[in-house]
Amino acid sequence: MASETQKTSSGTMTWGTIPPNVPSLLRDLPILLAALALFYAILSMTHYWLSPVGPPMEIHLEPSALPRYAMFSVLRIAAAYVVSLAFTLVYGYVAAYNTRAEKFMVPLLDTLQSIPVLSFLPAVMVAMVGLFPTKQLGVELGSILLIFTGQVWNMTFSFYSSLKSIPPEMREVAEIYRWSWWQRFTQMELPYSIIGLVWNSMMSVAGGWFFLMACEMFTLGDRDLRLPGLGSYLQTAANVGNTRAIWWGMAVMIGIIVVIDQLVWRPVIAWAEKFKFEQVESTDAPTSPVLDLLRSSRILPYFSRLTVRPAREFLSLHFAQRHAAVGAGRVSRGIYHWLTRLMLAALLAGICYESVKMVMLLTHLTRDELRSIFLGAGATFLRVAFTLFLAGLWTIPVGILIGLKPKLSAIAQPIAQVAASVPATALFPIILLVLIRAGGGLGIGSIMLLLLGTQWYILFNVIAGAIAIPTDLKEVCSVFRFGRTERWRELLLPGIFPFLITGFVTASGGAWNASIVAEYFKFRGHTYLTTGLGAVISNATDTGNTRVLLAATILMAAMVVTINRLVWRRLYQLASTRFRLEN
Amino acid sequence: MNNQETQKLRNLLKQRQWGPAIELLRKTDPSSAADFFLSEPYDEQRALFHAMPMDMAASLIVHLPYYHAYVLLHSLPSQEMRAVVEAMTPGERNHFLDALPEEAWQCLMDELAEAGTGAPYCAVTDTDAGAATTEFAPPVVDTEPIIQARQIEKSYQQPDGRQIQVIAPVDFSVEPNTIIALLGPSGSGKSTLLRILSGLAAPSAGEVLWHGQPMHGCRPNVAIVFQSFALFPWLTVLENVEAPLLARGITHFERHRKALRALASVGLHGFESAYPKELSGGMKQRVGFARALAVEPEILFMDEPFSALDVLTAENLRGELLELWLAKKVPTKSIFIVTHNIEEAVLLADRIIVLGRNPAKIRADFRVPLQHPRDRKSAAFVLYVDYIYKVMTQPQLELAPPSKTEHKEKAAAQMLPHSRPGGIGGLLELLDDRGGEEDMYHIAEELLLEIDDLLPILDAATLLGFATVHEGDVRITEKGRAFAQADIPTRKILFREAVLAHVSLLQQIQSALEKKTNHTMPVEFFRDLLDERFAQVEVEHQIETALNWGRYAELFTYDAEDDTVHLHQPDHRGDNSPESASLH
């Protein structure tokens, strides 16, 4: 305990962005206000949830309605995130430790990851609305679950692979000192995986914003469902062509994203620095003024002393004692064993039944439908490939230029980060507006949208790769007077190759998923669409054509998984063997 | 000697009736008398030895291992020591003196010469007989072993279902009040053995008893200090030390007190709230010690605890550990340390176990009765170090290069030591400079190499017929001398000849490449061949070494992209030689 207070007090002194003479109450005021605001938000959200289902909700386009909508959207994404986190922890844990379950859980995750968000829509909605037919809660839960399906997979993957890569000595420490399940989780597994979780959480939440418009307003067969939120506001504004409302909505969205970045992600990243698995302190650790504020607060440690710490102590001791008791006399697990087997058998039967039904449904596909699906798949494939090509064309030179000049990267990186955090979907109405005026159609528009959504991954990775090129190799180039082409061919391009591949893998996955919103758009009461698998899926969702939705989804998942296996994984292998810069 | 007699002798010794015991010993034949003698605690050995008449002491001592005989001799006053040596027959005396390494031999000679005039100066600490009688430690009562391993072995299953044995059936026990060092070359299964004894891993067969109970099921109170420290970077020093205590359900206040005490005992007072990454390597390992000591383990296991530290820090930490142990400030009954550093083992351990490899089996198990603190420069210390070198170089003699008439299977089981041609050349040059013969111990010291790094180079040199090892001495051969003095192209030719004469794997690769019309083979083919004999990691090592040697010898080229080897074409060689000549 002594050490704890010592730590916080020394924190104040070294970080010192907050003057020490500011009275404590003033310093804690923001924290108190934030807590109250959160409380109010949850209260009004529950009130609305429990209200009965009425006719399709009117979405007001006055700017004054925006704060409320924004709050709803933020809470929705937050709720989806909490669910994602819970799912991640459970699924990742089971997959990492149960060798039998691991064999099918990991491939399943891989497949689920490649299924686009909207394909989940009908199933999720029907289930949720069926669960709460009289309350708004049903639709709301459906929307949250939809956002969840877009967020969860990469987080789960990250957690799973972190658990698998915990160093064996650490596990041996836990084993030899007989740590309880709880202690292992809180002192080893969670801390070890937290950095990966934080970065993936950021990506997931960004994905949530990207698909917000699709997740808040949709038609399900003949039902027109919409939820009050920023996404539906933007969608409605685009539908009626209200440019002013679009600008307002976009401004608010970007504002919220920037604020969340500063208030949540920066502090969390700076805090997670302490979990970095390194033996030597890094020189330039990320910092955050908000984290400084929290650390210098007096209320929070007091609060933690009253609640968190006793709870932690109690739980740790409780699980330690239980662990000791269990270890002494192993309980026979015969019954559990049978129960799990029974459940597995039931699950297997269910899967078989559903597969048969699915195949039967697929046999009903007409020739035209099949043709449109395959044509769409080809078109989307070409579109994604072209987008990646375009993205690579400008990001590689620019990224290398930025990465090689430290001064430039100090300026450019924050700008690029803000630019990247703006969801491309929000910009889409404006882009479309310009294109329609200029006489272009959705063909170009969809590529631009895909580009906007995916180029950042490549850019960031190229910058990181260029920064990581060792100075001595650059000096070799100067010493031997390499020409420009030689320099690029022999050093720069091979040097960034592993990073470039990482960027392309992420971008490719993102582009396939984004094709759903990019190829099909409702604007000024008119539905713009272009040939593509995404358009097929969106259209099938709108018209409630289950068999086309199913077939197109399967095809898309199959294509994504195949491309990953055949192209990206091989390039990855190459990157990690031949193009690795070893020190 | 039968059981009855042994029992009778033991009883006599217990009652300290040296006279009747000596009478009884005199009747038994000398070699079994020596066996019995060695099986007794060192303090009793010494007392008995001192009570013996000179002639009997002389005839007994030549049947003991020379290092033990040397230490025992030095427990006598110098006059008596001289008398015992003189009581040996000339043949026995020569045999005994021959076995001693140079330092010990020189020291003994000086002592014998000066026996009449002054006190011996060679530092075996208990040379003074007056002190020796008072020094007797009280007979140890508690000698019940804490851990007993019975016929434990470990084998791994290959993916194709074959078993690869890494530890051959081993028996041994860990008794209280000793520091046991487990020595062995890298990859000899030391760490695996440590993990089996500590209960972390289960043996494939046999059983481990903890105070007579099967280890499985009871919860042994042990701790491990790791080579890599294995601290949790997100926990403060204090939290790291507290973590095992928390796991035992110890409440906050008590936990804090114990952790602080453990930290203070290793000199980390004031660092409680630091994070591990703020500390130096030595400090980190101190935290590792504190964490292990905090739980007051019965046995403290250490897995190469000083290997990751620089020489000075390691020496300092070793000294402090020993100080804590000798002052009985460590709450443990025994320490079990795994190491590949021979001097470290002799410096710390009361008992040393040397493991051989493939599969691991005990090659030597002996006590080191030198008193602490031990002087690295003393003759007795050098004696033990030298002896261990001898033991460790022994198994490689069994790996003599296969002659052409030998059975094919045996030839295929040959194992390439993981070394590079450059290292072999360096060793041979050193040997050549030293007149062609040198003590292993001196070479290791000269090159600042650990036995782990030196042994593979030495093995390679002997395998290729460039050097021979005899009783810890390395001697360069004619071919070796030629290699050491040659320029680079000639070296390659000599290396190629040696490799083709002695290395079966490279012979196989060479003949396979020559038979193929396109002179190309996938490496996978040879990997499959090796798979039947080695574990997977070892196969990779073998392939890597073979490729390395083969490329140096210009037998073939290797294409990493397709993972194929290609016969080296003479015209290629023509291209290369001016280049290498110009390098020279």
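The legends below describe close-up views of a predicted model.

**View 1. The contact between chain B and chain A.**
This view shows where 28 residues of chain B are in contact with 31 residues of chain A. Of the elements, α12(B) gives the most, with five residues. By residue type, the side of chain B that touches chain A divides into 16 nonpolar, seven polar and five charged residues.

**View 2**
Strand β3 of chain A covers residues 520–523, and strand β4 of chain A covers residues 526–529. The two strands pair in the antiparallel sense over four bridges. Within this pair, A:Lys522 stands opposite A:Thr527 in β4(A). The hairpin of β3(A) and β4(A) has two residues between the strands. In this hairpin, A:Arg524 takes a positive phi near 50 degrees.

**View 2. The sheet of six strands in chain B.**
Strands of a sheet pair through backbone hydrogen bonds, and the pairing is either parallel or antiparallel. Here six strands of chain B form an open sheet with mixed pairing, in the order β6-β7-β8-β3-β9-β10. The edge strands are β6 and β10 (361–367) of chain B, and each of them pairs on one side only. From one strand to the next, the twist averages 15 degrees.

B:Val225 stands opposite B:Met302 in β7(B).

An open sheet in chain B has three strands in the order β11-β13-β12, with antiparallel pairing. Because β11 (437–439) and β12 (467–470) of chain B stand at the edges with a single partner strand each, one side of each is left without a neighbour in the sheet. The twist of this sheet averages 20 degrees from one strand to the next. Strand β13 of chain B (residues 473–476) and β11(B) pair in the antiparallel sense over three bridges. B:Asp439 stands opposite B:Asp473 in β13(B).

**View 3. A helix across two strands in chain B.**
Helix α21 of chain B, residues 451–463, lies across β12 and β13 of chain B. The helix runs at about 115 degrees to β12(B).

Conventions. Residues numbered from 1 in each chain as written. Chains lettered and ligands numbered in written order. Predicted model: local features only at pLDDT ≥ 70, side-chain atom pairs only at ≥ 80, totals over all residues. Contact = placed C-beta atoms within 7 Å. Nonpolar A, V, L, I, M, F, W, Y, C, P; charged D, E, K, R; others polar. Pairing = 2+ DSSP bridges. Axes fitted to C-alpha atoms, helices over the stretch in contact; angles between N-to-C directions.
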